[in-house]
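Please view the sequence and the structure before reading on.

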Amino acid sequence: MAGVKVGDVKVINQEIGETFAMYHGDSVEVLKGVPDTSIGYSIFSPPFASLYTYSNSAHDMGNVRNHAEFFAHFAFLVEQLFRVTKPGRLLSFHCMLLPTSKERDGVIGLTDFRGDLIRAFRDGGWIHHSEVVIWKDPVTAMQRTKALGLLHKQIKKDSCMSRQASLTTSSP
């Protein structure tokens, strides 16, 4: 259903049921067409800053040079989500701590992306009131990210660089 309209915004596709509506499109653009205080619950996984870049579009929040640039873009989404959510209703997001790299960050370690997201939502008027932590399989995480600290050969080479897989969290 290409070309569907939500308010004044074009979406790629949509599914609307009796108790839900799902829209496929640029989240910030689609939300601009959603009426104020009309959503009772949202759940999503935000782009993980520059960990995954999905396109070369300037609209792609994952297509950024650093976390500061990502959060400058992400603030627009937080603002729109707050505007369309009914007072007292909830939003949940899925995220994780992000690995740093020697090339990009100067050190190999982790950055508290989860905490940065929580602070971004709190700055946007949201209240952080609960959290769920989900264990991640280190082998699967290593295969996806090739993180040095998860590689088995790193235990033999220099075990102080080894680490457990990052946990993921879901937070309202």
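The model is predicted: local features need pLDDT of at least 70, side-chain atom pairs count only at pLDDT 80 or more, and totals for chains, interfaces and linings use all residues. Residues are numbered from 1 along each chain as its sequence is written, and side-chain values use heavy atoms, with hydrogens and water left out.

The protein chain contains 6 helices and 10 strands; these are DSSP runs (helices: H or I, at least four residues; strands: E, at least two) numbered from the N terminus. Values for the chain are as follows.

| Property of the protein chain | Value |
|---|---|
| Buried share of the 172 residues | 34% |
| Share of contacts with a separation of 6 or more that join residues 24 or more positions apart | 60% |
| Accessible surface | about 10,800 Å² |
| Share of that surface belonging to carbon and sulfur atoms | 56% |

Buried means under 20% relative accessible area, with a 1.4 Å probe and protein chains only. A contact means heavy atoms within 4.5 Å. Accessible areas come from the Shrake-Rupley method with a 1.4 Å probe.

Strands β3 (residues 13-16) and β4 (residues 21-24) run antiparallel and are joined by 4 bridges; strands pair if DSSP finds at least two bridges between them. A hairpin of 4 residues connects β3 to β4, and E15 stands opposite M22 in β4.

Helix α2 (residues 67-84) includes E69. With a relative accessible area of 19%, E69 is buried. Leaving aside residues up to four places away in sequence, E69 touches N63 and V64.

How values were computed: Buried < 20%, exposed > 50% of the residue type's maximum accessible area, 1.4 Å probe, protein only.
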